[in-house]
Every structure is written in structure tokens, then in C-alpha cells.
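Please read this report alongside the sequence and the coordinates. It goes from the whole chain to single residues.

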Amino acid sequence: MLLDINMPVMDGFEVLRTMNTNHTIEDVPVIMISSDDSEEAIRKAYELGASDYVNRPFDAKIVYRRVSNTIKLYAKQRRLVQMVSDQIRAREKNTDVLVGVLSQIVEFRNGESGSHVRHIRIITETLLHRLMELTSRYDLTPEQQDNIPLASALHDIGKIGIDEAILNKPGKLTAEEFAVIKTHSMLGAEMLQKTESFADQLLLQTAYEIARWHHERWDGKGYPDGLKGDDIPISAQLVSMADVYDALTSERCYKKAFPHETAVQMITNGECGAFNPLLLQCLLDVQGELKQEILQW
């Protein structure tokens with residue numbers, strides 16, 4: 001865009017401000033053309049996002065060349081942005097595949113069909129989306145919002161270290177066997193923490209929170225650390241509710257599946273432990289969506 005400063009109705013600076021407000025300045029290069037060669041005007045134009053400043057009177061051939069160079073620069077910038085975006089998408093896809101493979105290994109050892117991990121991810125994502133609409137209490141970046149559903153697939157990774165005879169026992173567990181099962185949360189957290197890139201990878205850190213604390217409860221009566229309220233990371237709180245809901249509505253080696261309505265009632269009545277009141281509201285708000293998901297499963 002070739003833009004003059006002195007124009008009727010809206011001057012050039014006002015046009016630049018509007019372009020900043022609606023973000024078109026990020027995609028459309030603007031070259032200011034003006035007879036005002038004051039330092040203040042030039043500085044103001046650049047501060048508002050102009051790519052170049054041409055003083056009147058001007059040589060048309062020089063203006064043409066400066067316009068051409070600006071367009072080439074923006075085109076190169078777009079190509080670089082696209083390349084980076086493609087690389088990020090490819091890396092995210094590879095990460096998703098690897099997480100999927102790991103979670104399926106856990107499900108195979110756990111004697112389940114493998115659908116549990118997919119269910120947890122869908123339920124977690126649905127609850128998270130509603131939570132972000134409902135409150136600003138949890139300041140989650142877009143990256144964190146993407147990572148939580150993905151990392152939810154690794155919530156039970158510690159079960160790799162649990163005896164299959166206990167994992168797949170059809171009847172009620174003894175107190176000793178349940179004590180062994182409960183160790184899976186710390187086992188999973190330790191596995192994730194020991195990975196080489198743990199300190200640099202937000203996804204692994206989120207997976208650690210979920211693996212370690214998805215059996216904690218709002219009233220402090222969960223395990224392994226007895227965390228209470230929002231001392232439990234919201235990532236773990238979300239997966240905790242998703243895990244309980246899917247366990248209730250799915251058939252397991254030790255139980256039949258409960259209907260959707262029964263599962264929601266059991267959770268909201270506190271029969272499955274205490275949950276964050278905000279998440280209980282989210283569950284009630286999205287229960288129609290979850291019921292439709294169950295019908296498809």
C-alpha cells in the first residue's frame with residue numbers, strides 16, 4: 001500500500017493505527033509518501049508499522065524499485081514463516097504419533113482395547129474448552145491448552161511397571177494389590193522426569209503433572225501426595241475427571257459400563273471422590289456432547 005499522510009476524513013497515521021488494530025499491518029506492507037520530511041513524522045510512521053518512507057517530490061523509477069524490493073522482502077518473510085510452520089506441524093505430528101504408540105503399549109498391558117486413551121483425550125479437551133469459556137482463573141497459554149489433551153494419553157504410563165496379574169485381575173483387589181496399583185502414578189512421573197529433554201519440554205512437564213497427580217482429589221483425600229484444591233495442577237484435575245468418567249461409562253474386566261446419566265450423577269454426588277466445583281459445572285455444561293461421544297464409541 002502506498003499511503004499519503006495528508007488525506008481527507010482519515011489521515012495516513014490514522015489508517016496505520018486502524019491497520020494495527022485489525023492486524024492487517026502484519027500482512028500488508030505500507031510505504032508512506034509525503035512532503036513532510038520532519039524527523040517527527042518519519043519516526044511516527046515507522047513506529048506505526050510503515051515499511052518505508054518516501055519524500056515528495058520523488059522519482060517514479062526509484063519509488064517503483066523501493067516498492068518492488070519491499071514486496072520481495074515480504075514474500076521471503078512469508079516463505080520463511082511457512083517453512084517454520086511446516087516444521088512445527090511435522091514435529092507436532094511426530095510427537096503425537098510417539099505419544100500414541102506409548103499409550104497403546106500401556107493399554108495393551110492393561111488388557112484394554114486401546115480406546116481408553118482416545119476417550120480420555122476427547123473428554124479432557126471438551127472439559128478444558130468449556131473451562132476456558134467459563135473462567136479466567138487458570139491462565140493457560142495456547143501451548144499449554146494444546147499440550148494437556150496430548151499429554152493426557154500418558155496418564156497411566158506408570159502401569160508399565162505394574163504386574164499384569166494385578167492389572168488384569170477380574171475381581172476386587174486386595175488392600176495389598178491396591179497399594180501396588182497406586183504406585184503407578186509415581187512410577188509414571190519418575191519415568192517422564194528421567195527423560196533426557198524433560199527440563200526443556202513443556203509437554204513432558206505437563207505429562208509429569210498428569211501422571212503423578214491425576215488420582216489426587218479436591219478435598220485432599222487422593223494419592224500419592226494428598227494435594228488439596230488448586231494445589232493440584234489443573235492439567236491433572238481435568239484428566240482426573242476424564243479418567244473417572246470414562247472408567248464409569250466403559251466396560252472393564254471387573255465391571256459393566258454405566259449409562260452416561262448414571263456416571264454424571266455419581267461424579268456430581270461425590271461417589272467417586274471430590275472434584276473442583278468449576279469442573280463439575282463444566283461436566284454438567286458439556287454432558288450433552290459427552291453423551292453423543294459415547295453413542296459413537
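## Overall make-up

Two residues are in contact when heavy atoms of the two lie within 4.5 Å of each other. In this predicted model, 59% of the contacts in the chain with a separation of 6 or more are between residues 24 or more positions apart. The chain contains 12 helices and 3 strands. Of its 297 residues, 41% are buried.

## Helix α1 and its surroundings

Helix α1 spans residues 12-21, and its buried residues are Gly 12, Phe 13, Val 15, Leu 16 and Met 19. Viewed down the axis of α1, these buried residues fall within an arc of 155°, so they line one face of the helix. An α-helix has 3.6 residues a turn, so residues three or four places apart point the same way. The cover over the buried residues of α1 includes the strands β1 (2-4) and β2 (31-34) as well as the helix α2 (39-47).

Both ends of α1 have a local feature to inspect. At the start, a side-chain oxygen of Asp 11 comes to within 3.1 Å of the backbone nitrogen of Phe 13. At the other end, α1 is followed by His 23, which has a positive phi near 70°.

## Backbone exceptions

Most residues other than glycine have a negative phi, and most peptide bonds are trans. Val 9 has a positive phi of about 70° although it is not a glycine. Val 9 sits in the loop between β1 and α1 and is exposed, with a relative accessible area of 94%. His 23, also not a glycine, has a positive phi near 70°. The loop that holds His 23 runs between α1 and β2, and His 23 is partly exposed at 46% relative accessibility.

Pro 57 belongs to the loop between β3 (52-55) and α3 (60-109). The peptide bond from Tyr 223 to Pro 224 is cis too, with omega near 10°. Pro 224 is placed in the loop between α9 (202-213) and α10 (234-249).

## His 155

His 155 is located in the loop between α5 (142-151) and α6 (164-167). Is His 155 buried or exposed? With a relative accessible area of 1%, His 155 is buried, because the cut-off for buried is under 20%.

Two polar contacts involve the side chain of His 155. A polar atom of this side chain lies 2.7 Å from the backbone oxygen of Ser 152. The side chains of His 155 and Asp 156 are joined by a polar contact of 3.2 Å. Apart from neighbours within four places in sequence, His 155 is in contact with His 116, Ile 120, Ile 210, Ala 211, His 214, Val 239 and Asp 243.

His 184 lies in helix α8, residues 184-193, and is buried at a relative accessible area of 2%. Its side chain makes a polar contact of 3.1 Å with the side chain of Asp 156; Asp 156 also has a side-chain polar contact with His 155. Residues up to four places away in sequence aside, His 184 touches Asp 156, Gly 158, Lys 159, Ile 162, His 214, His 215 and Tyr 223. His 214 is likewise among the contacts of His 155.

Glu 177 is part of helix α7, residues 175-182. A polar atom of the Glu 177 side chain lies 2.8 Å from the backbone nitrogen of Thr 174. Not counting residues up to four places away in sequence, Glu 177 touches Ile 166, Lys 169 and Lys 172.

Rolling a probe the size of a water molecule over the atoms shows where empty space is left. How many cavities of 30 Å³ or more are there? The count is 1, and the largest cavity holds about 60 Å³ of space.

The largest cavity is lined by Glu 216, Arg 217, Trp 218, Ile 232, Gln 237, Ser 240, Ala 274, Phe 275, Asn 276 and Leu 279. By class, this lining has 5 nonpolar, 3 polar and 2 charged residues.

Conventions: Residues are numbered from 1 along each chain as its sequence is written. This is a predicted model: local features need pLDDT of at least 70, side-chain atom pairs count only at pLDDT 80 or more; totals for chains, interfaces and linings use all residues. Side-chain values use heavy atoms; hydrogens and water are left out. Buried means under 20% relative accessible area, exposed over 50%, partly exposed in between (1.4 Å probe, protein chains only). Helices (H or I, at least four residues) and strands (E, at least two) are DSSP runs, numbered from the N terminus. The arc is that of the directions from the helix axis to the C-beta atoms. A polar contact is a pair of N or O atoms within 3.5 Å; within protein, one must be able to donate a hydrogen and the other to accept it, and residues adjacent in sequence count only if both atoms are side-chain atoms. On a 1 Å grid over the protein atoms alone, a cavity is a set of points where a 1.4 Å probe fits but cannot get out, and a pocket is an open set with protein on both sides within 12 Å along at least five of seven lines; lining residues have an atom within 4 Å of a point. Grid points are joined across faces, edges and corners, and a volume is the space filled by probe spheres set on the points. Ala, Val, Leu, Ile, Met, Phe, Trp, Tyr, Cys and Pro count as nonpolar, Asp, Glu, Lys and Arg as charged, and the others, Gly among them, as polar.
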